[in-house]
Amino acid sequence: MASMTVTESVPTVGFDLDLTLLDTRPGIKAAFEAFSAAVGVPIDADLVVSRLGPPLAHELAHWFPQEQVPAMVTRYREFYGVHAIEPTVPMPGARDAIQAVREAGGRTIVVTAKNEPHAKLHLAHLGIEPDAVVGDLWAEGKAEALRAHGATVYVGDHTGDVRGARTAGALSVAVATGPCAPEELRAAGADVVLADLTDFRPWWEGYLG
């Protein structure tokens, strides 16, 4: 289990994006529906948004032969900026969680499997300003950015986020707002499981002591 001791250095907290900070489900559903119509391949957009977390290529592999996936990733992203940004809203407590870290003198970094330009577009559209945004990293791969930015805590909604935190040696704080139930998150090794980010500030203040 990661240490609960806060070092004398300024704490840095990493956050996942989809279903941790932002509810991207309405926008992603709209983007997939438009994409599906354009390419003529039936895709169950409700099923897609029920299992957000892994990279886009993982999802598209359910609907296309593997050799078509890279091209379909590029094609889908043409629809994303048009359809997915406007309907997306912050998750409950997201703005306050960022603010709580800032008030403590800490830094915030968003580390997400989403491609970085779209992640930044989402945050800019909503006026959420973390200190850094790193995209295109999933599960254990997220440890690369967490280590590079000295993050001691990583907050996410997926068991992949838990693995990323543990690989980085960061405290894993899981929120049960995505596809993974609290017991799944605990079984994956989460150090803390919160119902949602509205519980983050009281937990954070206790963590800082």
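## Terms and model

Buried means under 20% relative accessible area, exposed means over 50%, and partly exposed lies in between, with a 1.4 Å probe and protein chains only. Helices (H or I, at least four residues) and strands (E, at least two) are DSSP runs, numbered from the N terminus.

This is a predicted model, in which local features need pLDDT of at least 70 and side-chain atom pairs count only at pLDDT 80 or more, while totals for chains, interfaces and linings use all residues. Residues are numbered from 1 along each chain as its sequence is written, and side-chain values use heavy atoms, with hydrogens and water left out.

## The chain as a whole

The protein chain has 10 helices and eight strands. Its C-alpha trace spans about 55 × 35 × 30 Å along the principal axes. The radius of gyration is taken over C-alpha atoms, and the globule rule is 2.2 Å times the number of residues to the power 0.38. For 209 residues, a compact globule would have a radius near 17 Å; the protein chain has 17 Å, so the two agree.

Of the 209 residues, 52% count as buried. Contact means heavy atoms within 4.5 Å. Among contacts in the protein chain with a separation of 6 or more, 61% come from residues 24 or more positions apart.

## Surface and charge

Accessible areas come from the Shrake-Rupley method with a 1.4 Å probe, and for residues only the protein chains shown count as cover. The accessible surface of the protein chain comes to about 8,900 Å². Carbon and sulfur atoms hold 53% of that surface.

Lys and Arg count as positive, Asp and Glu as negative; His and the chain ends are not counted. On that basis the protein chain has 16 positive and 27 negative side chains. The centres of the two sets lie 2 Å apart. Each charge is placed at NZ of Lys, CZ of Arg, CG of Asp or CD of Glu.

## Helix α5

Helix α5 covers residues 94–103. Its buried residues are Ala 94, Ala 97, Ile 98, Ala 100 and Val 101. Seen down the axis of α5, they fall within an arc of 155°, so they line one face of the helix. The arc is that of the directions from the helix axis to the C-beta atoms.

What covers these buried residues? The cover includes β1 (12–15), β3 (89–90), β4 (107–111) and α10 (200–208). After α5 comes Gly 105, with a positive phi near 85°.

## Helix α10

In α10, the buried residues are Phe 200, Arg 201, Trp 203, Trp 204 and Tyr 207. They cover an arc of only 160° around the axis, which puts them on the same side of α10. On the other side, Pro 202 and Gly 206 are exposed.

The buried residues of α10 pack against β1, α5, β6 (153–156), β7 (171–175) and β8 (192–194). Just after the helix, Gly 209 takes a positive phi of about 70°.

Strand β8 holds Leu 194. Leu 194 is buried, with a relative accessible area of 9%. Leaving out residues up to four places away in sequence, Leu 194 touches Val 173, Ala 174, Val 175, Ala 176, Asp 199, Phe 200 and Trp 203.

## Loops

Most residues other than glycine have a negative phi. Leu 19 is not a glycine, yet has a positive phi of about 65°. It sits in the loop between β1 and β2 (22–23), and counts as buried at 2% relative accessibility. Ala 139, also not a glycine, has a positive phi of about 50°. Its loop runs between β5 and α7, and Ala 139 is buried, with a relative accessible area of 2%.

Leu 137 is in the loop between β5 (132–134) and α7 (143–148). At 12% relative accessibility, Leu 137 counts as buried. Apart from residues up to four places away in sequence, Leu 137 touches Val 111, Thr 112, Ala 113, Lys 142, Glu 144 and Ala 145.

Is Gly 40 buried or exposed? At 58% relative accessibility, Gly 40 counts as exposed. It is found in the loop between α1 (25–39) and α2 (45–49). The C-alpha atoms of Gly 40 and Leu 197 are separated by 38 Å.
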